[in-house]
Amino acid sequence: MSSLSLKGPAWVTVRQYRRTLWIAGAAVVLAFAVIGGLRIWDAQYPDVRVENGGWVPSPDNSGYHTLRWALEYVGGGAILLPLAVAALVAGPMVAREYESGTYQLSLTQSVSPAAWLRSKLAVAAGVAVLAVLAAMGVFQFGHSRVEEGWGFFWGDPGTYALTGIVLFAHVLAAVAVGALIGQLVRRTLLAMSAAGLVMGVVTLAFTSYRWSILSTERITGPLSHSLMVPEDYLAMDSGLLTPSGARFDRMICWEQANRASGVDAQEGIWGKVEAQCHAEHGITTQFLDYHPVSHLWPTQLIETGIVLALAALATLAAFRVLRARHP
């Protein structure tokens with residue numbers, strides 16, 4: 001047992017933040033209890049069969065809707081987790097040590113500056129990874145019930161983060177960025193704000209552009225028929241094509257139909273005017289750009305690699321700053 005116990009600066013770091021760790025553990029237990037209670041509540045109402053042969057939750061099933069609401073918050077929390085990790089590492093774990101002078105006491109206890117920082121990074125990274133595992137466990141506990149409904153598709157940000165490996169990379173990058181900014185700023189509140197801002201920019205960038213990493217696939221077909229799309233696709237863009245293959249602005253025909261006389265009084269006028277406009281411009285083809293579900297894991301792996309590279313660079317920079325100030 002003694003071989004498994006923490007020693008040296010790592011033990012000191014855990015002791016410093018044991019209250020925070022206990023609170024985090026209690027929050028995880030509470031989250032599992034809440035989701036479990038909602039699953040039990042949901043199970044009290046039998047599903048209703050619909051005309052197409054499927055099943056949907058009963059309109060009276062408040063447990064189902066509350067479960068969805070709770071899981072939306074879990075997904076949103078997962079997206080914001082790297083920001084919180086970066087802020088806590090930059091502020092309380094690093095900057096406050098410099099601001100209060102506590103780090104000097106550690107360095108007088110036969111602990112090198114590199115060992116002091118390594119202990120901070122190791123403890124923070126371990127706790128961050130465990131936090132991700134806990135969030136994934138809570139989400140999956142309830143996700144099996146709501147995965148067929150809207151809002152929990154594999155391409156949605158919260159579901160994407162909690163059903164793959166990319167969130168591990170983001171929290172590790174948050175630890176490294178927090179350690180670097182904490183040393184550069186050395187003021188608790190300012191370091192927390194700066195680290196949270198940096199990881200917020202990183203999170204926003206990937207949330208906005210991750211589906212541009214891989215090229216989309218395109219399906220085309222005549223206007224008179226619905227497009228035959230695969231199951232579990234993530235739609236990215238759709239529209240009309242001219243005979244030359246160029247995109248056609250839908251607003252041209254929409255505005256023409258909107259200006260037509262009697263469009264509000266007589267049913268079907270809008271569709272006739274729009275069809276006439278399409279014919280005038282020779283529009284006979286529609287298209288859909290999408291990502292198939294097979295793009296999920298390549299996107300996860302590429303994003304994970306990019307973020308881990310960022311984590312490695314931030315870690316290297318943090319140790320270089322440390323050696324420059326404590327040769």
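The lining of the largest pocket comprises, by class, 28 nonpolar residues, four polar residues and no charged residues, where Ala, Val, Leu, Ile, Met, Phe, Trp, Tyr, Cys and Pro count as nonpolar, Asp, Glu, Lys and Arg as charged, and the others, Gly among them, as polar. This is a predicted model, in which local features need pLDDT of at least 70 and side-chain atom pairs count only at pLDDT 80 or more, whereas totals for chains, interfaces and linings use all residues. Residues are numbered from 1 along each chain as its sequence is written, and side-chain values use heavy atoms, with hydrogens and water left out.

**Largest pocket**

- The largest pocket has a volume of about 1000 Å³, a pocket being an open set of points on a 1 Å grid over the protein atoms alone, with protein on both sides within 12 Å along at least five of seven lines.
- Of the 32 residues that line this pocket, Ala 24, Leu 81, Leu 88, Val 127 and Ala 131 are the closest to its centre, a lining residue having an atom within 4 Å of a point.
- At least two lining residues come from each of helix H1 (8-16), helix H2 (18-43), helix H3 (62-100) and helix H5 (113-146), and H3 gives the most, with 11 residues; helices are DSSP runs (H or I, at least four residues) numbered from the N terminus.

**Cavity**

- One cavity of 30 Å³ or more is present in the structure, a cavity being a set of grid points where a 1.4 Å probe fits but cannot get out.
- The largest cavity holds about 120 Å³ of space, and the elements that give two or more residues to its lining are H3, helix H6 (157-162), H7 and H8.
- Its lining divides into eight nonpolar residues, three polar and one charged, and includes Pro 82, Tyr 160, His 170, Thr 203 and Arg 210.

**Individual residues**

- Arg 186, in the loop between helix H7 (166-185) and helix H8 (188-209), is buried yet has no salt bridge, and the nearest side chain of opposite charge, Glu 99, is 11 Å away; a salt bridge requires a side-chain nitrogen of Lys or Arg within 4 Å of a carboxyl oxygen of Asp or Glu.
- A polar atom of the Arg 186 side chain lies 3.2 Å from the backbone oxygen of Gln 183.
- Ser 62, in helix H3, counts as partly exposed because its relative accessibility is 37%, where buried means under 20% relative accessible area, exposed over 50% and partly exposed in between (1.4 Å probe, protein chains only).
- The C-alpha atoms of Ser 62 and Leu 38 are separated by 9.3 Å, with the two residues 24 apart along the chain.

Definitions and conventions. Points joined across faces, edges and corners; volume = space filled by probe spheres on them. Lys, Arg positive; Asp, Glu negative; His and termini not counted. Polar contact = N/O pair within 3.5 Å; in protein donor to acceptor, adjacent residues only side chain to side chain.
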